[in-house]
Amino acid sequence: MRPDLDQYFMDIAIKVSTRATCDRKSVGAVLVRDKTILSTGYNGSIRGSDHCDTNDHIIRDAHCVRVNHAELNAVVQAARNGVRVEGATCYTSVYPCWGCFKALVNAGVVRIVYDEVYKKDPLVEDHAEKLGIKLDMVHTGSL
């Protein structure tokens, strides 16, 4: 059976998550506009630095801060390549944190689709509603 577009792009986000370099949580993100992939990102270390899966985690407040989150990396990758993401949808394998939500909104993302909830921040839901950002769960399960 042919998947609908939300399932299709979420499956890609989940596949992208397999490249994550932090073994505490693998997350993938895909930025899409007009049925076209603009950028992808996974939670990974700063370019050129050690990865968590080959070195120790850097833990602060119970979170590994060695890595950038997938959503932020997708926005940064688009910027690095001169790709405009205004009006895009972000497909992310995990509900976005507050910091990633802010980055996505400021980059011009208008819809965020997620597969699972890791930690739900009420700030994200409150601001999404106020700003007209659509938050949709599309659970497809892992590939």
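This is a predicted model: local features need pLDDT of at least 70, side-chain atom pairs count only at pLDDT 80 or more; totals for chains, interfaces and linings use all residues.
F9 is buried, at 3% relative accessible area.

Next I took the ring geometry. I find 4 aromatic pairs in the model. One of them joins Y8 and F9, edge-to-face, with 5.0 Å centre to centre and 65° between the planes. I then checked W98 and F101. Their ring centres lie 6.0 Å apart and their planes meet at 20°, so I note this pair as stacked. The cut-off for stacked is under 30 degrees.

Where do W98 and F101 lie? I place both in helix α3, residues 98–107. They sit 3 residues apart, about one turn of the helix. W98 is partly exposed at 24% relative accessibility. F101 is buried at 2%.

Last entry: C52. Is C52 buried or exposed? I have it at 3% relative accessibility, so it counts as buried. C52 belongs to the loop between β3 (44–45) and β4 (59–60). I listed its contacts, leaving aside neighbours within four places in sequence. C52 touches T21, C22, S45, H57, C64, R66 and V67. For R66 I also noted the spacing: 14 residues from C52 in sequence, and 7.1 Å in space, C-alpha to C-alpha.

Note on methods. Residues are numbered from 1 along each chain as its sequence is written. Side-chain values use heavy atoms; hydrogens and water are left out. Rings of Phe, Tyr and Trp (its six-membered ring) pair if their centres lie within 6.5 Å; planes under 30 degrees apart count as stacked, over 60 as edge-to-face and the rest as tilted. Buried means under 20% relative accessible area, exposed over 50%, partly exposed in between (1.4 Å probe, protein chains only). Helices (H or I, at least four residues) and strands (E, at least two) are DSSP runs, numbered from the N terminus. Contact means heavy atoms within 4.5 Å.
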